[in-house]
Amino acid sequence: MNREQNNKVQNQNAEKLKEISKWTQRYAENRTLPFVINMMISLLFGFAVGIPSYFGGRAYRSGNVLQLWICILSLMIVFPALIFYSVPKWGGKYIEKLIRFLYRKEGQVILAIPKKTKSQRRAGWIAGLLLGVCVVISIILIVFCKIPIKYMQPVSALCVIPLIIAVGIWRPPSVKPAGFLVWLWPILYAIHAILVVAGVPIQFERPWIFFNILIPIAGYGILCGLLGHIYSRYALKKLKGLTHLEGEAANGD
Amino acid sequence: MEIDKIIHEPTRLRVMMILAGLEQADFKFLVTTLSLTRGNLSRHMEKLESAGYLKVKKSFKGKVPNTSYQLTQEGSKALAQYWENLDAVRRSGQIIGAMDRPLRC
């Protein structure tokens, strides 16, 4: 290799090496399996509480005692399980173990949370304020305007979207990294709300009407989490490509 | 222009660059990402640690011991300085040993 070629290779390599930190960060940000698992469990709990509640109510009204007791017993099992899952010291410990197991081949990383700039802090406050305003508007719409139940998802979008955005901007330490799903998730939820208002038939009819909020929230969350996970595979592949030198003798000396 | 020889070694440079993008990473992550043997990586990590560029955290995850690494402030500064110096050397057209092998990607 002559000097000119050598210099060219050196320059290219140096530029690529500088990208290692960027791809490491992208990989770490998009390790979204913990989020996907938590979303799936939440969805399961949603079903486990919603289905017996609905059929229990129906059984009560029709006087079907056996069905009512089955529903009550189901809820008696589900509620302690929900409490167990919600307490970090109990269920959280097992979730943590499961996540460690899933990433056992890759190892563990903790993402550095960069200090927020003044404009980011301001954006966080604005998103928080917007959330407050939206909550008030949705309460007014529900209480005073008697919004039909089929519009509950668009009304809930008023609270859900600013909440996700506010959490994404503030990123409290308890929130695991979520990559781009923090932005994609509210966008999908908003599109869903617009489609509902436009009259597109994407809603559950009775008796499954209570899934109209649960399924879009969890469904789009899981979808975005899986997209994030796929992206983390790409980022890891890219990172491994950048960290390997052909024929390198890495002996520590 | 002095190039930091501890950082300039290809594997150590990559370790530093990975850690620069994170709060901390464990030994397993570095071993698998860099495709090194455990012994090999240990030697590099010892050198970086003795230079004061890394902080080591030893803990237990359940019953399994876990070693994590974090870049120190000194390490971050040294890395930034390294790139500054290296860019200056590159601009002057000198050949730099650690950069002359093609990357796989």
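What percentage of the 253 residues of chain A count as buried? The figure is 36%. Please keep in mind that this is a predicted model; with that said, let us walk through it.

## Chain A at a glance

Chain A has 9 helices and 1 strand. Along the sequence these elements follow the pattern α-α-α-α-α-β-α-α-α-α.

One spot to look at is Gly132(A), which sits in helix 6 (residues 118-143) of chain A. Gly132(A) is partly exposed, with a relative accessible area of 34%. From Gly132(A) to Ala193(A) there are 61 residues in sequence, and the two C-alpha atoms are 19 Å apart in space.

## A sheet built from both chains

An open sheet of 4 strands runs in the order 1(A)-1(B)-3(B)-2(B), with antiparallel pairing. Strand 1 (109-110) of chain A and strand 2 (54-61) of chain B stand at the edges; each has a single partner strand, so one side of each is left without a neighbour in the sheet. As background, strands of a sheet pair through backbone hydrogen bonds, in either a parallel or an antiparallel way.

Inside chain B, strand 1 (residues 24-26) and strand 3 (residues 64-71) pair in the antiparallel sense over 2 bridges.

## Salt bridges

How many salt bridges does the structure hold over all chains? There are 3 salt bridges.

Start with Lys18(A), which forms a salt bridge with Glu15(A), the closest N and O atoms being 3.9 Å apart. Glu15(A) counts as partly exposed at 40% relative accessibility, and Lys18(A) is partly exposed too, with a relative accessible area of 28%. Lys18(A) also meets the side chain of Asp87(B) in a salt bridge, at 2.8 Å from N to O. This pair crosses between chains: Asp87(B) lies in helix 5 (residues 73-91) of chain B, while Lys18(A) lies in the loop between helix 1 (3-17) and helix 2 (20-29) of chain A. Asp87(B) has 17% relative accessibility and therefore counts as buried.

Turning to another pair, Glu106(A) forms a salt bridge with Arg233(A), with the closest N and O atoms 2.3 Å apart. This pair links distant parts of the chain, 127 residues apart: Glu106(A) is in the loop between helix 5 (88-102) and strand 1 of chain A, and Arg233(A) is in helix 9 of chain A. Glu106(A) is buried, with a relative accessible area of 14%, whereas Arg233(A) counts as partly exposed at 28% relative accessibility. As for networks, salt bridges that share partners join Glu15(A), Lys18(A) and Asp87(B) into one.

## Patches on the surface

Which residues form the nonpolar patch on the surface? They are Phe180(A), Trp183(A), Ile187(A), Ile191(A), Leu195(A), Val200(A), Ile202(A), Leu223(A), Leu227(A) and Ile230(A), with about 820 Å² of accessible area together. Helix 8 (181-197) and helix 9 (211-243) of chain A are the elements that give two or more residues to the nonpolar patch. Helix 8 of chain A supplies the largest share, 4 residues. Ile202(A) is placed in the loop between helix 8 and helix 9 of chain A. With a relative accessible area of 32%, Ile202(A) is partly exposed, and patch members need over 30%.

Arg104(A), Lys105(A), Lys28(B) and Arg38(B) form a positive surface patch. Lys28(B) belongs to helix 3 (residues 27-34) of chain B, and is partly exposed, with a relative accessible area of 34%.

## A backbone angle worth a look

Where is Ser35(B) placed? Ser35(B) is in the loop between helix 3 and helix 4 (38-50) of chain B. The phi of Ser35(B) is near 50°, a positive value in a residue other than glycine. For context, most residues other than glycine have a negative phi. Ser35(B) is partly exposed, with a relative accessible area of 49%.

Notes
Residues numbered from 1 in each chain as written. Chains lettered and ligands numbered in written order. Predicted model: local features only at pLDDT ≥ 70, side-chain atom pairs only at ≥ 80, totals over all residues. Heavy atoms only, no water. Patch = residues over 30% accessible without salt bridge, like charges linked within 9 Å, V, L, I, M, F, W, Y side chains within 5 Å. Areas by Shrake-Rupley, 256 points an atom, 1.4 Å probe, with all protein chains shown as cover. Salt bridge = Lys/Arg side-chain N within 4 Å of Asp/Glu carboxyl O. Lys, Arg positive; Asp, Glu negative; His and termini not counted. Charge placed at Lys NZ, Arg CZ, Asp CG, Glu CD. Buried < 20%, exposed > 50% of the residue type's maximum accessible area, 1.4 Å probe, protein only. Pairing = 2+ DSSP bridges.
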